[in-house]
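Look at the model below and follow its backbone from one end to the other.

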Amino acid sequence: MKARLAQIEQAARDAGFTDVRPLDMRALIFHPETRELCEQNLCGKYAHNWSCPPSCPRPSDMARRVTGYSTGILVQTRDKLIYENDLQAIEVLRNIHNRRFYLFAQSMRGIYGAILPMGSGECRICRRCTCPDDPCRHPDRRVSAMEAYGLFIGEVCEASGMCYQYHADDRLMGLVSCVLFP
Ligand code: SF4
């Protein structure tokens with residue numbers, strides 16, 4: 001098990017992530033109240049992306065589902081913003097992180113089979129999501145966000161020893177995703 005996790009960590013570093021940690025599986029606490037936050041639709045993706053609520057599994061379903069996974073890894077892409085609230089730079093960082101994460105998840109799926117990837121933000125595998133007009137183009141590759149499933153990222157990072165907090169003095173912004181392995 002340890003050797004396998006070490007190989008996975010190395011593969012994540014090779015994929016280019018800034019920080020890589022074994023995931024503390026006890027920190028996978030799926031909070032039902034996150035669903036209410038999504039329903040406020042502040043991001044505009046509620047019911048407009050197949051990876052987001054109401055289409056993705058509920059926190060209570062996820063709590064049952066993760067019992068089938070024995071280990072996991074947490075990955076982060078971190079970069080410095082030029083100025084506070086640099087939304088354009090955050091968007092670029094999200095695209096870099098997500099592309100990197102989709103490739104990493106695909107490669108882990110090829111090696112380890114039925115993995116469970118949880119991403120950052122809505123699924124961006126397609127240039128434009130087909131939701132709600134047509135079925136998902138890639139249901140086998142679709143990635144829902146950790147938050148969409150009900151996780152608090154700060155809670156998972158803290159338990160796993162990963163620095164995640166944003167500090168205005170250094171303007172280092174990080175985006176986090178994880179993969180669970182059977
Ligand atoms: S794979 Fe494409 S269609 Fe499916 S959720 Fe992702 S972006 Fe939408």
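Helices (H or I, at least four residues) and strands (E, at least two) are DSSP runs, numbered from the N terminus. The expected span of a helix is 1.5 Å times one less than its number of residues. The model is predicted: local features need pLDDT of at least 70, side-chain atom pairs count only at pLDDT 80 or more, and totals for chains, interfaces and linings use all residues. Residues are numbered from 1 along each chain as its sequence is written.

Helix H4 has 26 residues and reaches 36 Å from its first C-alpha to its last, close to the 38 Å expected at 1.5 Å a residue. Just after H4, Gly 113 has a positive phi of about 80 degrees.

A residue is buried if 20 or more other C-beta atoms lie within 10 Å of its own, exposed if 12 or fewer, and partly exposed in between, with C-beta atoms placed from the backbone. In H4 the buried residues are Leu 93, His 97, Asn 98, Phe 101, Phe 104 and Ala 105.

A nonpolar core is a set of buried Ala, Val, Leu, Ile, Met, Phe, Trp, Tyr and Cys residues joined through C-beta atoms within 7 Å. The largest one has 38 residues, and Ile 73, Leu 74, Met 146, Tyr 149 and Cys 178 have the most contacts inside it. Among the elements that each supply at least two residues of this core are H1, S2, H4 and S4. S4 gives the most, with six residues.

Asp 169 lies in the loop between H6 and S4. Asp 169 is exposed, because 5 other C-beta atoms lie within 10 Å.
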